[in-house]
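Me: I am new to this structure and would like to go through it step by step. Could we look at it together?

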Amino acid sequence: MRLARLAMKRLACLYAIVGAVALAAVSFGAEGTTRVLIVTGGHAFEEGPFFQLFRDNPDIAFVAAEHDGASATAWERDDLATFDAVVLYDMPRSITPAQQGKMRSLFERGAGLLVLHHALVSFQDWPDYERIIGGRYPQPPAGHPQVSDAVGYQHDVDVPVTILDTRHPVTAGMKDFTIRDEIYWGFRVGGDVHPLLGTTHPKAGKPLMWTRTEGKSRVVFLQLGHDRHAFDNPNFRDLVARSIRWSARRSGGTMTPRMATCGTFSVVGVASRIGRGSESPELFARICVSRFDNIGRGATARADSGRP
Ligand SMILES: [Zn+2]
(Lines give C-alpha, C1' and ligand atoms only; values in the text may rest on other atoms or scores of the structure.)
Protein backbone atom coordinates (compact mmCIF):
# COMPACT_ATOMS: atom_id res chain seq x y z
CA MET A 1 0.00 0.00 0.00
CA ARG A 2 2.81 2.39 1.00
CA LEU A 3 4.77 1.42 -2.10
CA ALA A 4 1.73 2.05 -4.26
CA ARG A 5 1.26 5.52 -2.71
CA LEU A 6 4.94 6.32 -3.32
CA ALA A 7 4.61 5.21 -6.94
CA MET A 8 1.53 7.41 -7.34
CA LYS A 9 3.42 10.42 -5.91
CA ARG A 10 6.31 9.87 -8.31
CA LEU A 11 3.92 9.51 -11.19
CA ALA A 12 2.15 12.74 -10.25
CA CYS A 13 5.50 14.50 -10.01
CA LEU A 14 6.48 13.29 -13.47
CA TYR A 15 3.15 14.44 -14.86
CA ALA A 16 3.72 17.89 -13.34
CA ILE A 17 7.29 18.24 -14.68
CA VAL A 18 6.42 16.93 -18.12
CA GLY A 19 3.28 19.05 -18.27
CA ALA A 20 5.14 22.23 -17.28
CA VAL A 21 7.80 21.68 -19.94
CA ALA A 22 5.18 20.90 -22.57
CA LEU A 23 3.18 24.04 -21.77
CA ALA A 24 6.35 26.17 -21.80
CA ALA A 25 7.07 24.84 -25.28
CA VAL A 26 3.52 25.65 -26.36
CA SER A 27 3.70 29.29 -25.28
CA PHE A 28 7.16 29.81 -26.84
CA GLY A 29 5.97 28.38 -30.14
CA ALA A 30 2.83 30.46 -30.22
CA GLU A 31 4.85 33.68 -29.91
CA GLY A 32 7.50 32.77 -32.46
CA THR A 33 5.41 31.24 -35.20
CA THR A 34 4.93 33.28 -38.37
CA ARG A 35 1.26 33.41 -39.34
CA VAL A 36 0.83 33.03 -43.08
CA LEU A 37 -2.25 33.33 -45.30
CA ILE A 38 -1.99 31.26 -48.49
CA VAL A 39 -4.32 32.47 -51.22
CA THR A 40 -5.36 30.27 -54.16
CA GLY A 41 -8.14 30.23 -56.73
CA GLY A 42 -8.45 30.90 -60.45
CA HIS A 43 -5.81 28.38 -61.55
CA ALA A 44 -5.60 24.62 -60.99
CA PHE A 45 -2.58 23.18 -59.18
CA GLU A 46 -1.36 20.03 -57.44
CA GLU A 47 -2.86 20.77 -54.06
CA GLY A 48 -1.36 17.93 -52.01
CA PRO A 49 2.34 18.52 -52.74
CA PHE A 50 1.83 22.31 -52.78
CA PHE A 51 0.42 22.51 -49.28
CA GLN A 52 2.86 19.87 -48.05
CA LEU A 53 5.77 22.23 -48.56
CA PHE A 54 4.14 24.65 -46.12
CA ARG A 55 3.18 21.88 -43.70
CA ASP A 56 6.83 20.87 -43.64
CA ASN A 57 7.91 24.41 -42.68
CA PRO A 58 8.28 24.38 -38.88
CA ASP A 59 8.46 28.17 -38.63
CA ILE A 60 4.98 28.96 -39.90
CA ALA A 61 1.33 28.34 -39.14
CA PHE A 62 -0.75 28.80 -42.25
CA VAL A 63 -4.35 29.30 -43.20
CA ALA A 64 -5.44 28.51 -46.76
CA ALA A 65 -8.04 30.71 -48.43
CA GLU A 66 -9.53 30.24 -51.88
CA HIS A 67 -11.36 32.87 -53.93
CA ASP A 68 -14.93 31.86 -54.67
CA GLY A 69 -14.59 32.44 -58.42
CA ALA A 70 -16.47 35.73 -58.73
CA SER A 71 -13.58 37.99 -57.73
CA ALA A 72 -10.70 38.05 -55.25
CA THR A 73 -12.96 37.19 -52.33
CA ALA A 74 -10.16 35.80 -50.13
CA TRP A 75 -9.26 39.44 -49.42
CA GLU A 76 -12.57 39.91 -47.64
CA ARG A 77 -11.48 37.83 -44.63
CA ASP A 78 -12.04 39.50 -41.28
CA ASP A 79 -8.77 38.11 -39.87
CA LEU A 80 -6.49 39.65 -42.54
CA ALA A 81 -4.71 41.85 -40.00
CA THR A 82 -3.59 38.82 -37.99
CA PHE A 83 -1.17 37.51 -40.64
CA ASP A 84 2.54 38.29 -40.72
CA ALA A 85 2.77 37.39 -44.41
CA VAL A 86 0.54 36.50 -47.37
CA VAL A 87 1.47 34.03 -50.12
CA LEU A 88 -0.31 34.50 -53.45
CA TYR A 89 -0.66 31.39 -55.61
CA ASP A 90 -3.89 32.57 -57.17
CA MET A 91 -4.90 33.87 -60.59
CA PRO A 92 -8.22 35.69 -60.40
CA ARG A 93 -9.27 37.97 -63.23
CA SER A 94 -11.04 40.67 -61.27
CA ILE A 95 -10.78 42.44 -57.95
CA THR A 96 -13.30 44.88 -56.49
CA PRO A 97 -12.25 48.29 -55.09
CA ALA A 98 -13.05 47.01 -51.59
CA GLN A 99 -10.82 43.97 -52.10
CA GLN A 100 -8.06 46.23 -53.44
CA GLY A 101 -8.34 48.26 -50.26
CA LYS A 102 -7.96 45.12 -48.13
CA MET A 103 -4.81 44.15 -50.05
CA ARG A 104 -3.41 47.67 -49.63
CA SER A 105 -3.97 47.43 -45.88
CA LEU A 106 -1.14 44.87 -45.83
CA PHE A 107 1.31 47.50 -47.00
CA GLU A 108 0.14 50.03 -44.43
CA ARG A 109 1.07 47.71 -41.59
CA GLY A 110 4.16 46.14 -43.21
CA ALA A 111 3.03 42.53 -43.65
CA GLY A 112 5.12 40.45 -46.05
CA LEU A 113 3.94 39.42 -49.52
CA LEU A 114 5.28 36.42 -51.46
CA VAL A 115 3.92 36.12 -55.00
CA LEU A 116 4.40 32.75 -56.68
CA HIS A 117 4.35 31.67 -60.31
CA HIS A 118 0.95 32.14 -62.01
CA ALA A 119 0.00 34.97 -59.62
CA LEU A 120 2.04 37.06 -62.09
CA VAL A 121 -0.99 36.77 -64.40
CA SER A 122 -3.68 38.02 -61.98
CA PHE A 123 -5.77 41.19 -62.36
CA GLN A 124 -4.87 42.08 -65.95
CA ASP A 125 -7.04 45.20 -65.70
CA TRP A 126 -5.64 46.53 -62.42
CA PRO A 127 -2.41 48.52 -63.12
CA ASP A 128 -1.53 48.92 -59.42
CA TYR A 129 -1.07 45.16 -59.09
CA GLU A 130 1.75 45.23 -61.64
CA ARG A 131 3.50 47.92 -59.62
CA ILE A 132 2.90 46.16 -56.30
CA ILE A 133 4.36 42.81 -57.35
CA GLY A 134 6.96 44.31 -59.70
CA GLY A 135 5.83 42.74 -62.95
CA ARG A 136 3.11 41.39 -65.19
CA TYR A 137 2.60 38.43 -67.50
CA PRO A 138 0.44 40.05 -70.18
CA GLN A 139 -2.13 37.38 -70.92
CA PRO A 140 -3.16 37.41 -74.60
CA PRO A 141 -6.89 38.07 -75.02
CA ALA A 142 -9.22 35.10 -75.53
CA GLY A 143 -9.20 33.96 -79.16
CA HIS A 144 -5.54 34.87 -79.62
CA PRO A 145 -2.69 32.33 -79.45
CA GLN A 146 -1.77 31.84 -75.80
CA VAL A 147 1.77 30.82 -76.74
CA SER A 148 3.76 32.86 -79.28
CA ASP A 149 7.32 34.05 -79.71
CA ALA A 150 6.36 37.23 -77.88
CA VAL A 151 4.56 35.79 -74.83
CA GLY A 152 4.21 32.22 -73.67
CA TYR A 153 5.02 29.35 -71.38
CA GLN A 154 6.50 25.87 -71.58
CA HIS A 155 6.18 23.04 -69.06
CA ASP A 156 8.74 20.47 -67.88
CA VAL A 157 11.86 22.44 -68.70
CA ASP A 158 15.16 21.78 -66.92
CA VAL A 159 15.78 25.37 -65.89
CA PRO A 160 19.35 26.40 -64.99
CA VAL A 161 18.98 28.87 -62.13
CA THR A 162 21.71 31.35 -61.24
CA ILE A 163 22.01 33.23 -57.96
CA LEU A 164 22.24 36.93 -58.82
CA ASP A 165 22.58 38.26 -55.27
CA THR A 166 24.69 36.03 -53.05
CA ARG A 167 24.34 38.36 -50.05
CA HIS A 168 20.60 38.89 -49.85
CA PRO A 169 19.01 37.01 -46.91
CA VAL A 170 16.71 35.12 -49.30
CA THR A 171 19.53 33.76 -51.47
CA ALA A 172 22.69 34.05 -49.32
CA GLY A 173 24.82 30.92 -49.37
CA MET A 174 22.79 29.25 -52.12
CA LYS A 175 24.50 27.70 -55.11
CA ASP A 176 23.29 27.75 -58.71
CA PHE A 177 20.94 24.84 -59.34
CA THR A 178 18.75 23.21 -61.98
CA ILE A 179 15.03 22.70 -61.45
CA ARG A 180 12.39 21.01 -63.61
CA ASP A 181 9.68 23.60 -63.91
CA GLU A 182 7.60 25.77 -66.21
CA ILE A 183 9.20 28.79 -67.88
CA TYR A 184 7.43 31.99 -68.93
CA TRP A 185 8.64 34.51 -71.46
CA GLY A 186 7.42 37.93 -72.48
CA PHE A 187 6.57 39.07 -68.96
CA ARG A 188 7.26 42.66 -67.93
CA VAL A 189 9.50 43.54 -65.00
CA GLY A 190 9.33 46.85 -63.13
CA GLY A 191 12.29 49.22 -63.04
CA ASP A 192 12.43 49.31 -59.23
CA VAL A 193 12.87 45.58 -58.50
CA HIS A 194 15.94 44.01 -56.96
CA PRO A 195 16.75 40.78 -58.88
CA LEU A 196 17.68 37.70 -56.85
CA LEU A 197 17.62 34.82 -59.36
CA GLY A 198 18.38 34.62 -63.07
CA THR A 199 18.66 31.86 -65.63
CA THR A 200 20.84 31.08 -68.61
CA HIS A 201 17.92 29.40 -70.40
CA PRO A 202 17.68 31.29 -73.70
CA LYS A 203 13.88 31.25 -73.92
CA ALA A 204 12.96 31.98 -70.30
CA GLY A 205 12.03 35.49 -69.17
CA LYS A 206 14.43 37.08 -66.71
CA PRO A 207 14.91 37.56 -63.85
CA LEU A 208 13.22 34.58 -62.17
CA MET A 209 12.97 36.16 -58.74
CA TRP A 210 13.00 39.67 -57.39
CA THR A 211 12.09 41.82 -54.42
CA ARG A 212 10.72 45.31 -54.02
CA THR A 213 9.20 47.49 -51.33
CA GLU A 214 5.54 48.47 -51.30
CA GLY A 215 4.58 50.88 -48.52
CA LYS A 216 6.03 49.38 -45.34
CA SER A 217 6.07 45.88 -46.85
CA ARG A 218 8.68 43.64 -48.36
CA VAL A 219 7.41 42.00 -51.54
CA VAL A 220 9.02 38.94 -53.16
CA PHE A 221 8.14 37.45 -56.55
CA LEU A 222 9.29 33.95 -57.58
CA GLN A 223 8.45 32.76 -61.10
CA LEU A 224 9.14 29.09 -60.29
CA GLY A 225 6.50 26.77 -58.82
CA HIS A 226 4.29 25.06 -61.39
CA ASP A 227 4.00 21.56 -59.94
CA ARG A 228 5.46 18.89 -57.68
CA HIS A 229 8.82 18.99 -59.49
CA ALA A 230 9.21 22.42 -57.93
CA PHE A 231 7.28 21.79 -54.69
CA ASP A 232 9.54 18.83 -53.86
CA ASN A 233 12.76 20.59 -54.90
CA PRO A 234 14.84 21.51 -51.81
CA ASN A 235 16.05 24.76 -53.40
CA PHE A 236 12.48 25.86 -54.17
CA ARG A 237 11.41 24.94 -50.64
CA ASP A 238 14.32 26.89 -49.20
CA LEU A 239 13.49 29.94 -51.33
CA VAL A 240 9.85 29.90 -50.24
CA ALA A 241 10.71 29.48 -46.55
CA ARG A 242 13.36 32.22 -46.66
CA SER A 243 11.06 34.57 -48.59
CA ILE A 244 8.32 34.19 -46.00
CA ARG A 245 10.79 34.72 -43.16
CA TRP A 246 12.42 37.76 -44.78
CA SER A 247 9.22 39.43 -45.95
CA ALA A 248 7.67 38.90 -42.50
CA ARG A 249 10.79 40.54 -41.03
CA ARG A 250 11.80 37.52 -39.03
CA SER A 251 15.47 36.93 -38.35
CA GLY A 252 17.25 33.93 -39.83
CA GLY A 253 17.19 30.41 -38.55
CA THR A 254 14.42 28.31 -37.14
CA MET A 255 12.32 30.52 -34.92
CA THR A 256 10.13 28.03 -33.13
CA PRO A 257 10.51 24.60 -31.61
CA ARG A 258 9.85 22.15 -34.35
CA MET A 259 6.62 20.26 -34.38
CA ALA A 260 8.76 17.13 -34.55
CA THR A 261 10.41 18.06 -31.27
CA CYS A 262 7.04 18.65 -29.69
CA GLY A 263 5.63 15.40 -31.01
CA THR A 264 8.70 13.39 -30.09
CA PHE A 265 8.77 14.88 -26.61
CA SER A 266 5.10 14.21 -26.08
CA VAL A 267 4.80 10.75 -27.47
CA VAL A 268 8.24 9.19 -26.99
CA GLY A 269 9.49 11.21 -24.01
CA VAL A 270 6.38 10.92 -21.90
CA ALA A 271 5.70 7.34 -22.91
CA SER A 272 9.20 6.22 -22.05
CA ARG A 273 9.11 7.92 -18.66
CA ILE A 274 5.67 7.02 -17.53
CA GLY A 275 5.16 3.84 -19.43
CA ARG A 276 2.90 2.60 -22.13
CA GLY A 277 -0.80 2.52 -21.49
CA SER A 278 -0.87 6.01 -19.96
CA GLU A 279 -3.23 8.45 -21.65
CA SER A 280 -0.80 11.34 -21.13
CA PRO A 281 1.20 10.88 -24.35
CA GLU A 282 -1.98 11.30 -26.33
CA LEU A 283 -3.04 14.25 -24.21
CA PHE A 284 0.24 16.12 -24.73
CA ALA A 285 0.34 15.19 -28.39
CA ARG A 286 -3.12 16.70 -28.77
CA ILE A 287 -2.00 19.92 -27.06
CA CYS A 288 1.00 20.16 -29.35
CA VAL A 289 -0.87 19.31 -32.52
CA SER A 290 -3.67 21.75 -31.80
CA ARG A 291 -1.22 24.58 -31.15
CA PHE A 292 1.64 23.92 -33.53
CA ASP A 293 0.77 21.55 -36.26
CA ASN A 294 0.28 23.20 -39.62
CA ILE A 295 -1.64 20.18 -40.83
CA GLY A 296 -4.23 20.91 -38.19
CA ARG A 297 -4.40 24.57 -39.17
CA GLY A 298 -4.55 23.66 -42.85
CA ALA A 299 -7.40 21.26 -42.17
CA THR A 300 -9.32 23.98 -40.35
CA ALA A 301 -8.81 26.31 -43.26
CA ARG A 302 -9.91 23.69 -45.76
CA ALA A 303 -13.13 23.34 -43.85
CA ASP A 304 -13.59 27.12 -44.19
CA SER A 305 -13.11 27.30 -47.91
CA GLY A 306 -14.42 23.98 -49.17
CA ARG A 307 -11.16 23.12 -50.90
CA PRO A 308 -7.55 23.48 -49.70
ZN1 LIG B 1 2.20 26.97 -64.19
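Me: How many bridges join strand 10 to strand 11, and do they run parallel or antiparallel?
Reply: This is a predicted model. In it, strand 10 (residues 209-214) and strand 11 (residues 217-222) run antiparallel and are joined by six bridges. Within that pair, threonine 211 has valine 220 of strand 11 as its bridge partner.

Me: What is the order of the strands in the open sheet?
Reply: The order is 2-1-3-4-11-10-9-6-7, which makes nine strands with mixed pairing. At the edges are strand 2 (60-66) and strand 7 (177-185), each of which pairs on one side only. On average, and with direction ignored, neighbouring strands of this sheet are turned by 30° against each other.

Me: Staying with strand 2, how many of its residues are buried?
Reply: Seven of its seven residues are buried, so strand 2 is mostly covered.

Me: Which residues point which way from strand 2?
Reply: Ile60, Phe62, Ala64 and Glu66 point one way, while Ala61, Val63 and Ala65 point the other way. In a regular strand, side chains alternate between the two faces of the sheet.

Me: In which sense do strand 1 and strand 2 pair?
Reply: They pair in the parallel sense, over seven bridges. For example, the bridge partner of threonine 34 is isoleucine 60 in strand 2. Between the two strands the chain passes through helix 2 (residues 47-55), and this β-α-β crossover is right-handed.

Me: Changing topic, which strands does helix 6 lie across?
Reply: Helix 6 (residues 234-247) lies across strand 1 (34-41), strand 2, strand 3 (85-90), strand 4 (112-116), strand 7 and strand 11. Its direction is at about 165° to strand 11.

Me: And helix 3, how many residues has it?
Reply: Helix 3 (residues 97-109) has 13 residues. From its first C-alpha to its last it reaches 19 Å, close to the 18 Å expected at 1.5 Å a residue.

Me: Which residues of helix 3 are buried?
Reply: The buried residues are Gln99, Met103 and Leu106. Because they cover an arc of only 40° around the axis, they lie on the same side of helix 3.

Me: What do those buried residues pack against?
Reply: They pack against strand 3, strand 4 and strand 11. The face of helix 3 turned away from the buried side carries the exposed residues Pro97, Ala98, Gly101, Glu108 and Arg109.

Terms used:
Residues are numbered from 1 along each chain as its sequence is written. This is a predicted model: local features need pLDDT of at least 70, side-chain atom pairs count only at pLDDT 80 or more; totals for chains, interfaces and linings use all residues. Two strands pair if DSSP finds at least two bridges between them. Helices (H or I, at least four residues) and strands (E, at least two) are DSSP runs, numbered from the N terminus. Axes are lines fitted to C-alpha atoms, for helices over the stretch in contact, and angles run from 0 to 180 degrees between N-to-C directions. Two residues are in contact if their C-beta atoms, placed from the backbone, lie within 7 Å. A residue is buried if 20 or more other C-beta atoms lie within 10 Å of its own, exposed if 12 or fewer, and partly exposed in between; C-beta atoms are placed from the backbone. A crossover is right-handed if, with the strands pointing away from the viewer, the path from the first strand over the helix to the second runs clockwise. The expected span of a helix is 1.5 Å times one less than its number of residues. The arc is that of the directions from the helix axis to the C-beta atoms.
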